[in-house]
Amino acid sequence: MGVSDNSRGLILAMLSSLFIGTSFILKKKGLKRAAAASSATRAGVGGYTYLLEPLWWTGMIIMIVGEVANFVAYIYAPAVMVTPLGALSIIVSAVLAHFILKERLRRMGVVGCVSCVVGSVVIVIHAPQEQTPSSVQQIWNLAIQPAFLIYVAATMSIVLALVLYFEPRYGQSNILIYLGICSLMGALTVVSIKAIGIAIKLTLEGISQVAYPETWVFLAVAIVCVITQLNYLNKALDTFNAALVSPIYYVMFTTLTIIASAIMFKDWSGQDASSIASEICGFITVLSGTIILHATREQETASMAGSITWYNGDPIKSVEDAHFILLHDADYYE
């Protein structure tokens with residue numbers, strides 16, 4: 001019996017998490033070596049000496065491999081399964097940091113790891129079987145269905161409101177502004193990349209999709225969404241504490257990605273209410289575990305200057321300068 005598409009997607013998603021989680025630790029080790037070997041400015045405050053460190057480059061290459069595996073996973077499996085499994089990279093990083101970097105994994109951190117694993121297992125068990133479209137035109141037909149067009153229109157309206165009105169007024173004080181833009185555009189990024197991935201897969205199988213204009217439309221949308229997403233994620237990391245940005249962004253991005261994929265690709269079509277409820281419970285369990293893990297890391301952080309605000313404008317949490325973490329995310333584990 002051949003391996004199902006869901007199984008391929010599952011394996012690729014887990015390998016992606018393993019590679020990405022490992023890359024965090026290798027880059028962190030590389031950053032520490034570079035800082036120890038040179039008196040130059042560290043990466044956390046704008047230095048570039050880590051570029052001469054082979055271990056950092058090894059971590060970067062492994063991370064790229066992991067991202068490619070994650071990209072291919074979306075071709076074979078629904079986003080409702082692939083996206084939450086990204087939390088496993090946090091577990092890999094936390095465990096490796098405990099043994100390699102000697103960063104103690106607290107009991108609540110272990111609880112967070114277990115929650116992520118349990119939630120991931122539940123999601124995998126109840127994940128829907130996805131039917132791969134036979135052409136990019138079929139994907140285009142899914143993209144122009146009324147329900148998804150309404151979702152896209154609502155998304156773009158909210159993004160424009162956040163960019164034009166809320167960001168100038170509240171961007172520096174409310175963490176949800178930047179992360180809202182990132183997450184909304186990130187969900188469109190995923191569905192666009194999934195479409196591109198399927199087009200590439202079909203082309204490699206001998207059914208060329210290059211001549212279809214829809215392929216290039218999806219590519220253009222993906223490029224615009226990725227640039228916008230990274231731009232505002234960088235702003236969020238530069239303004240707020242990464243210990244807050246990471247879990248909030250993960251929750252918002254994952255939730256919106258699952259919603260967008262469910263609307264466009266009808267991931268839950270044909271499933272009974274019990275399976276859908278189980279997937280939602282598994283998803284909530286993964287989110288809870290992720291938040292616990294990040295909260296554990298936040299408790300270990302030294303006191304920081306500044307404050308951010310929530311809905312009512314009251315200061316609730318310290319922040320630090322997280323500049324450069326977007327490209328050098330291993331700094332998160334300092």
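This is a short exchange about how some labels on a predicted model are reached.

Biologist: What makes α2 roughly perpendicular to α8?

Modeller: The axes of helix α2 (residues 54-76) and helix α8 (residues 175-204) cross at roughly 80 degrees. Angles of 65 to 115 count as roughly perpendicular, so α2 is roughly perpendicular to α8. The two axes come within 8 Å.

Biologist: Which residues make that contact?

Modeller: From α2, Phe71, Tyr74, Ile75 and Tyr76. From α8, Val190, Ile193, Lys194, Gly197, Ile198, Ile200 and Lys201. By class, the contact has eight nonpolar, one polar and two charged residues.

Biologist: Why are cysteine 113 and cysteine 116 called buried?

Modeller: Buried means under 20% relative accessible area. Cysteine 113 has 8%, so it is buried. Cysteine 116 has 0%, so it counts as buried too.

Biologist: Why is the pair of tryptophan 56 and tryptophan 57 called edge-to-face?

Modeller: Ring centres must lie within 6.5 Å to pair, and planes over 60 degrees apart count as edge-to-face. Here the centres are 5.0 Å apart and the planes are at 85 degrees, so the pair is edge-to-face. Tryptophan 56 is buried at 3%. Tryptophan 57, at 39%, counts as partly exposed.

Biologist: What makes the pair of tyrosine 249 and phenylalanine 253 stacked?

Modeller: The cut-off for stacked is under 30 degrees. The planes of tyrosine 249 and phenylalanine 253 are at 25 degrees, with centres 5.6 Å apart, so the pair is stacked. Both residues are buried. They are four residues apart in helix α10 (residues 242-265), so about one helical turn separates them.

Biologist: How many aromatic pairs does a search of the whole structure find?

Modeller: Seven. Ring pairs also link Tyr165, Phe166 and Tyr170 into a cluster.

Biologist: Why is alanine 236 called buried?

Modeller: Its relative accessible area is 0%, so alanine 236 is buried. Alanine 236 is found in helix α9 (residues 213-239). Leaving aside neighbours within four places in sequence, alanine 236 is in contact with Tyr178, Leu179 and Val245.

Key. Residues are numbered from 1 along each chain as its sequence is written. This is a predicted model: local features need pLDDT of at least 70, side-chain atom pairs count only at pLDDT 80 or more; totals for chains, interfaces and linings use all residues. Side-chain values use heavy atoms; hydrogens and water are left out. Axes are lines fitted to C-alpha atoms, for helices over the stretch in contact, and angles run from 0 to 180 degrees between N-to-C directions. Helices (H or I, at least four residues) and strands (E, at least two) are DSSP runs, numbered from the N terminus. Angles under 35 degrees count as roughly parallel, over 145 as roughly antiparallel, 65 to 115 as roughly perpendicular and the rest as oblique. Contact means heavy atoms within 4.5 Å. Ala, Val, Leu, Ile, Met, Phe, Trp, Tyr, Cys and Pro count as nonpolar, Asp, Glu, Lys and Arg as charged, and the others, Gly among them, as polar. Buried means under 20% relative accessible area, exposed over 50%, partly exposed in between (1.4 Å probe, protein chains only). Rings of Phe, Tyr and Trp (its six-membered ring) pair if their centres lie within 6.5 Å; planes under 30 degrees apart count as stacked, over 60 as edge-to-face and the rest as tilted.
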